[in-house]
Amino acid sequence: MSLRFWLQRLALFLLVSFSVMLFSTTALAADRVVLKYRIFSESIPVKDLSTLAETGEASMLLQANLALAQQDKEVVRRYLTTPIKINPVLLERLLDSPIGNVALDKISQAIHTPSGQDDRQALHSALMNSIRSDGNLSLINIIQHYPTNVVQVEGDKLESAYRQLSEIEGRLQNLRDKLS
């Protein structure tokens, strides 16, 4: 067989491989949450947390965990769902700055990888994917868009993470006002 034949086969193989990777519909996103409250830690499906956020209904497993942690599900739901409106372009610019890195580090104290590695990069990706999905940020959206199979959520730090996102919103609004 000729060299041309093998080069054509190689080109076809690379084209097919590239096409499969390019058009694959499976994106990496969290499907499990390790929900941690002080000494309590439980792995639950992201779907359970999403259902709580959307409907207020908690699975038996989530109800048990919230009860053990003495957490009110409506308070948790409020922190998960309260939207924060941020311009995606301004958010990207802020997150790529030293101030943004500090904010990412603070938020990643509440939402992070189980290993604690590459938290800043994973959170940056989750924030940008979240805001691109519907133009708003919310903690549940960030969790749903977290780019690992498992995301760890420090339940007792959800309020702090929400406040940090609100501060980002405020800083960007102040910047926008000054530029206007």
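Biologist: Great. What kind of model is this, and how many helices and strands does the protein chain have?

Modeller: This is a predicted model. The protein chain has nine helices and six strands.

Biologist: And how much of the chain counts as buried?

Modeller: Of its 180 residues, 38% count as buried. As for contacts in the chain between residues at least 6 apart in sequence, 64% of them join residues at least 24 apart.

Biologist: Let's do the sheet. Which strands are in it, and in what order?

Modeller: The order is S2-S1-S6-S4, four strands in an open sheet with mixed pairing.

Biologist: Which strands sit at the edges?

Modeller: Those are S2 (40–45) and S4 (111–112). Each has a single partner strand, so one side of each has no neighbour in the sheet.

Biologist: Mixed pairing, you said. Is S1 with S6 parallel or antiparallel?

Modeller: S1 and S6 are parallel, paired over five bridges. To give one example, valine 34 stands opposite glutamine 152 in S6.

Biologist: And what about S4 with S6, parallel or antiparallel?

Modeller: S4 runs antiparallel to S6 (residues 150–154), and two bridges join them. Isoleucine 111 has valine 153 of S6 as its bridge partner.

Biologist: How many residues of S6 are buried?

Modeller: Four of the five, so S6 is largely enclosed by the rest of the structure.

Biologist: Nice. Which helix lies across S1 and S2?

Modeller: That's H2 (residues 46–55), which runs at about 85 degrees to S2 and lies across both S2 and S1 (32–37).

Biologist: On to the helices. Which residues of H6 are buried?

Modeller: Gly100, Ala103, Leu104 and Ile107 are the buried ones in H6. Looking down the axis of H6, they fall within an arc of 100 degrees, so they line one face of the helix.

Biologist: What covers them?

Modeller: The cover over the buried residues of H6 includes H5 (88–95), S4, H7 and H9 (158–179).

Biologist: Tell me about H6 against H7. At what angle do their axes cross?

Modeller: Roughly 95 degrees, with the axes of H6 (residues 98–107) and H7 (residues 119–134) coming within 9 Å. That angle makes H6 roughly perpendicular to H7.

Biologist: Which residues make that contact?

Modeller: From H6 there are Asn101, Leu104, Asp105 and Ile107, and from H7 there are Arg120, Leu123, His124 and Leu127. Sorted by class, the contact of H6 with H7 has four nonpolar, two polar and two charged residues.

Biologist: How do H5 and H9 cross?

Modeller: The axes of H5 and H9 come within 11 Å and cross at roughly 110 degrees. The two helices are therefore roughly perpendicular to each other.

Biologist: Which residues are involved there?

Modeller: H5 brings Leu90, Leu91 and Leu94, while H9 brings Ile168, Leu172 and Arg176. By class, the contact of H5 with H9 has five nonpolar residues, no polar ones and one charged.

Biologist: Let's switch to H4. Which of its residues are buried?

Modeller: In H4 (residues 73–81), the buried residues are Val76, Tyr79 and Leu80. Seen down the axis of H4, they fall within an arc of 100 degrees, so they line one face of the helix.

Biologist: And what covers that set?

Modeller: The cover over the buried residues of H4 includes S1, H2, H3 (60–68), H8 (139–144) and H9.

Biologist: Where are they in the chain?

Modeller: Arginine 38 is in the loop between S1 and S2. Aspartate 118 is in the loop between S4 and H7.

Biologist: Is aspartate 118 buried or exposed? And what's the relative accessible area of arginine 38?

Modeller: Aspartate 118 is exposed, at a relative accessible area of 54%. Arginine 38 has 49%, so it counts as partly exposed.

Terms used: Residues are numbered from 1 along each chain as its sequence is written. This is a predicted model: local features need pLDDT of at least 70, side-chain atom pairs count only at pLDDT 80 or more; totals for chains, interfaces and linings use all residues. Side-chain values use heavy atoms; hydrogens and water are left out. Axes are lines fitted to C-alpha atoms, for helices over the stretch in contact, and angles run from 0 to 180 degrees between N-to-C directions. Angles under 35 degrees count as roughly parallel, over 145 as roughly antiparallel, 65 to 115 as roughly perpendicular and the rest as oblique. Contact means heavy atoms within 4.5 Å. Ala, Val, Leu, Ile, Met, Phe, Trp, Tyr, Cys and Pro count as nonpolar, Asp, Glu, Lys and Arg as charged, and the others, Gly among them, as polar. Two strands pair if DSSP finds at least two bridges between them. Buried means under 20% relative accessible area, exposed over 50%, partly exposed in between (1.4 Å probe, protein chains only). The arc is that of the directions from the helix axis to the C-beta atoms.
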